[in-house]
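Please look over the sequence and the model shown below before reading the notes that accompany them.

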Amino acid sequence: RVAIGRDGTFARVFDRELAREVLAGRGNQLWAYVDKPRAWDAWDIDEGYEREGQEIREVEAIRIVETGPLRAAARVARRWRDSRIVQTYRLLAGSRRLEIVTEIDWHERQVLLRALFPVAVRAPYATYETMYGALTRPTHANTSWERARFEVSAHRFVDLSEPGYGVALLNDGKYGHSARGNVLGLSLLRSPVYPDPQADEGTHRFTYALFPHPGDWTSAGVVDEALALNSPLCAVLARPAGGELPLEFGLVEATGLAVRLGCLKRSEVHAGWILRLYEPHGARGTATLRFGRPVQRVERVNLLEEPETTAPAPELAGETVRLAVRPFEVVSLRLEL
């Protein structure tokens, strides 16, 4: 259950399944900060930037835009200085993901725009997704090097979990994150003047989402939720094609240890295909790949597509390939089908 306050923020997010409050304060606070780093204008954010910030609380309008059986949505429009921010809050039936579809017409200079979420979760470390893996950073600033990590570069999510419950902040294209105490933050826009004096000028459209969940980020499927946000289902125009494939066909299905697709491409060096997989949770085990047609040959290769002789060779049996995978390991296979 989501309640929207008169200032356009989330006054309350309540987990009805677990009867638990998700927020410890107003969620999706939008803050604008003076952003004039001492050096490297488009690259650096100075420590202590929070001291020169202003919350954007003025609201032009709040209205309900969808009330269907599958999705409900409310739209919040704001104007700040010369810029306009329109955000659509969306809840899908059967989903825990609270989406914030954002459209901004931005005309500011040297201003950093961030979204903040005080959550009802306490943990000493937050988890941030990186390419083909994840890392942890402390949520406190007890030392000088911890204070210097006030912003963390990450890909599709940051997660804060305590035993039994957690909250993830997902995004589809923003890379500056923070987790200080129980406050999750996401950097939305900057407008440096060097080397491009028109950086971030104009219109932007992106989506981020709040995802409360039982358990920790691995058991709750945060990686899959982040992938779903970044790769939504879309309608396509299809037509029948000739060939031997059935109407419904999947190239490969993975069971056993959870692995995720990195890429599929033609080999640059030899005949066949390169299938790149990775283990996203830091677990170890055996993954079984079942292909839609028999595999003639399979071998592990490195990133240069050269044979990898130090890792255990995959086991091939007809349409099935079994391989041992280590925590956060990237596995590249050359396939001949």
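This is a predicted model: local features need pLDDT of at least 70, side-chain atom pairs count only at pLDDT 80 or more; totals for chains, interfaces and linings use all residues.

Residues are numbered from 1 along each chain as its sequence is written, and side-chain values use heavy atoms, with hydrogens and water left out.

**An open sheet**

- Four strands make up an open, antiparallel sheet in the order β19-β22-β25-β24, where strands are DSSP runs (E, at least two residues) numbered from the N terminus and two strands pair if DSSP finds at least two bridges between them.
- The edges are formed by β19 (252-256) and β24 (315-317), each of which pairs on one side only.
- On average, and with direction ignored, neighbouring strands of this sheet are turned by 20 degrees against each other, the angles being taken on a scale from 0 to 180 degrees between axes fitted to C-alpha atoms.
- Between β19 and β22 (residues 285-291), the antiparallel pairing runs over five bridges, and Glu253 stands opposite Arg290 in β22.

**Salt bridges and burial**

- The structure holds 29 salt bridges, a salt bridge being a side-chain nitrogen of Lys or Arg within 4 Å of a carboxyl oxygen of Asp or Glu.
- One of them joins the side chains of Arg26 and Asp7 at 2.9 Å, N to O; because Arg26 lies in the loop between β3 (20-21) and β4 (29-34) and Asp7 in the loop between β1 (2-4) and β2 (10-15), the pair ties together parts that are 19 residues apart in sequence.
- Arg26 is partly exposed at a relative accessible area of 25%, whereas Asp7 is buried at 11%, where buried means under 20% relative accessible area, exposed over 50% and partly exposed in between, with a 1.4 Å probe and protein chains only.
- Asp7 and Arg26 also belong, together with Glu55 and Arg57, to a network of linked salt bridges.
- Glu151 and Arg114 meet through their side chains at 3.6 Å, N to O, in another salt bridge; since Glu151 lies in the loop between α1 (144-147) and β13 (152-153) and Arg114 in strand β10 (residues 111-118), this pair ties together parts that are 37 residues apart in sequence.
- Within that pair, Glu151 is partly exposed at 26% relative accessibility, while Arg114 is buried at 2%.
- Glu299 forms a salt bridge with Arg297, their closest N and O atoms being 3.8 Å apart; Glu299 is buried at 17%, and Arg297 is partly exposed at 38%.
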